[in-house]
Amino acid sequence: MEETSVFEKFELHLDHSAKDFLKETAKWAYFLSILGFVGIGLFVVIAIFAGAFFSTIGAAMPGMGAYGGSFGAIMSFFYLLIAAVYFFPVYYLFKFSSNAKKAFRDNDSEALSSSLGYLKSHYKFIGILMVSILVLYALFFLLAITGALLGR
């Protein structure tokens, strides 16, 4: 016969103020996710027009030669890359907010658990992204120091 620990038997109950805090958090998360999707759309539009704009500017600049046309494609690629990276935390935030609102509307514990899972995914993605950016900063810093020392 398996014994269960005290922690496995523990069931969490939310009081009224905790529910109100979660409801308000879900509303703000929904608002921020909608703004995030609008921002992603703007990045995609900018990627389309920036590619054409920078290609025209690059081709018109003297001395750019063959690089003028490819500069716009490179800029478009980077804007689309930023939009793709930005999509995932915004999507997780949106799913958190919509599931949390559904959980409180329908008194559904499974929807609340699902929403908290999306919130965990949101913060996990942001955390991994921040660690990646810090590693890139450290590499750039080391390359700058190395370049400065070798450039003497």
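Predicted model: local features only at pLDDT ≥ 70, side-chain atom pairs only at ≥ 80, totals over all residues.
Q: How much space lies in the largest pocket?
A: A pocket is an open set of points on a 1 Å grid over the protein atoms alone, where a 1.4 Å probe fits, with protein on both sides within 12 Å along at least five of seven lines; lining residues have an atom within 4 Å of a point. A volume is the space filled by probe spheres set on the points, which are joined across faces, edges and corners. Here the largest pocket holds about 360 Å³. Its lining has 14 residues, with Leu12, Leu14, Lys19, Ser109 and Leu112 nearest the centre.

Q: Which helices supply at least two residues each of that lining?
A: Helices are DSSP runs (H or I, at least four residues), numbered from the N terminus. In the largest pocket, these are H2 (16–60), H3 (67–106) and H4 (109–150); H4 gives the largest share, 4 residues.

Q: What is the second largest pocket like, and which residues are closest to its centre?
A: The second largest pocket holds about 250 Å³. It is lined by 13 residues, and Ile82, Val85, Tyr86, Pro89 and Leu129 are the closest to its centre. The largest share of this lining, 8 residues, comes from H3.

Key
Residues numbered from 1 in each chain as written. Heavy atoms only, no water.
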